[in-house]
Amino acid sequence: MSGEEPQPASCELCGPPIDLGSPGVLSIRHAAPGDERVLDALYGELEPGDLTKRFFTGGKPGEHFLEGWVNLEPSGGLCLLVELATSDTRRVIAEAGFAPLDDGDAELGITVAPGHRGWTGPWLLDVLMAHASAAGIENMQALVKTANRPMLDIIRHRGCARFDDSDWETTRVTMSTDGHTPAWPPDSARPRILIESPRSRPDTARRAREQGGTILICGGFGKKGSHCPLDDDQRCPLIEGADAVVIDRRGVGDTDEIRASIALTHPDANVTIVDPPSADLPARQQPLDLHVEQAGHIEETEHVEDIGP
Ligand SMILES: CC(C)(COP(=O)(O)OP(=O)(O)OC[C@H]1O[C@@H](n2cnc3c(N)ncnc32)[C@H](O)[C@@H]1OP(=O)(O)O)[C@@H](O)C(=O)NCCC(=O)NCCS
């Protein structure tokens with residue numbers, strides 16, 4: 001091992017090194033100024049497709065990004081590096097970090113070198129989330145290419161909701177840093193509208209968007225492995241913090257089941273059940289009338305008004 005270079009700190013949350021035997025010893029440590037070079041070398045191993053997934057462009061990030069990413073701690077963020085050390089080499093094989101967002105959550109970035117994928121990503125993410133949670137950050141957001149299956153799989157296994165402001169190529173998701181259901185970003189705009197629908201319903205999201213505020217979409221109810229608290233008759237932080245809960249009748253198989261579950265756990269929640277857009281008007285002309293009732297007295301309407309040409 002070179003040994004001359006000072007090694008920045010690990011901490012208790014980074015966990016102990018893992019001895020893999022002949023491949024070497026894996027350890028996680030905090031990145032620090034001076035790590036730009038090792039980070040640049042890690043990104044240099046990525047194919048253009050992976051660079052696009054990580055940076056939304058096929059090129060490697062420049063000096064400005066590298067300097068900022070290894071020096072996130074003064075601004076409330078953090079970058080962790082995974083090192084693989086043998087008796088005479090030391091190499092960074094993965095990085096993950098988060099930077100604070102204006103809405104009170106943090107944004108995630110993560111890379112694992114191609115030859116080391118398989119479990120490194122989920123392991124490193126667990127450790128990063130523990131650091132974020134200890135720093136008082138409740139939710140971690142990530143902007144992910146919709147074609148990035150491995151990343152979306154990791155996120156789904158943790159339990160997540162997604163923001164409505166996604167286009168067809170990317171999706172912005174939110175995960176809880178403590179392994180439970182995410183909550184609303186602390187400083188997100190109101191009204192906060194939660195759409196309960198496992199499938200993409202752009203027309204419902206568009207109708208909700210006309211209310212302004214923030215929209216989150218959750219498809220976890222009744223889905224195996226989704227960690228939905230309603231499935232265990234527990235309160236859900238998303239419903240708890242929502243100004244209105246919209247249940248899309250087409251997206252949710254059994255509307256009675258979810259409404260009963262919400263009425264049981266959140267009797268004060270404001271719930272609207274929406275029907276498909278009427279065939280009489282183009283979908284884009286149909287507003288979503290959030291004429292809400294408390295969960296125990298759910299109002300069902302077609303929510304269609306003629307607003308003229
Ligand atoms: C995305 C990336 C970080 C994932 O890291 P990884 O070490 O390859 O992660 P894995 O492949 O082990 O994780 C995905 C797998 O773990 C599984 N998995 C993840 N968490 C799991 C959990 N808690 N329980 C069970 N399985 C889990 C997934 O189902 C998936 O399995 P499969 O693909 O083998 O069927 C890595 O592929 C990468 O660096 N990609 C390029 C950059 C990038 O896309 N970054 C993300 C930008 S937001």
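Both faces of strand β10 are covered, with T214, L216 and C218 buried on one side and I215 and I217 buried on the other. Here, buried describes a residue with 20 or more other C-beta atoms within 10 Å of its own, the C-beta atoms being placed from the backbone. The structure is a predicted model, in which local features need pLDDT of at least 70, side-chain atom pairs count only at pLDDT 80 or more, and totals for chains, interfaces and linings use all residues. Residues are numbered from 1 along each chain as its sequence is written.

Because five of the five residues of β10 (residues 214–218) are buried, the strand is largely enclosed by the rest of the structure. Strands are DSSP runs of E with at least two residues, helices are runs of H or I with at least four, and both are numbered from the N terminus.

Two strands pair if DSSP finds at least two bridges between them. Strand β9 (residues 192–196) runs parallel to β10 and is joined to it by five bridges; R192 has T214 as its bridge partner in β10. Strand β7 (residues 161–163) runs antiparallel to β10, with two bridges, and F163 stands opposite L216.

Turning to the ligand, the residues that come nearest among the 20 around it are K53, R117, G121, D153 and H157. The elements giving two or more residues to this shell are α2 (48–55), β5 (106–112), α4 (120–134), β6 (139–145) and α5 (149–158). Helix α5 gives the most, with five residues.

Technical notes: A residue is near a molecule or strand if its C-beta atom, placed from the backbone, lies within 6 Å of it. A residue is buried if 20 or more other C-beta atoms lie within 10 Å of its own, exposed if 12 or fewer, and partly exposed in between; C-beta atoms are placed from the backbone.
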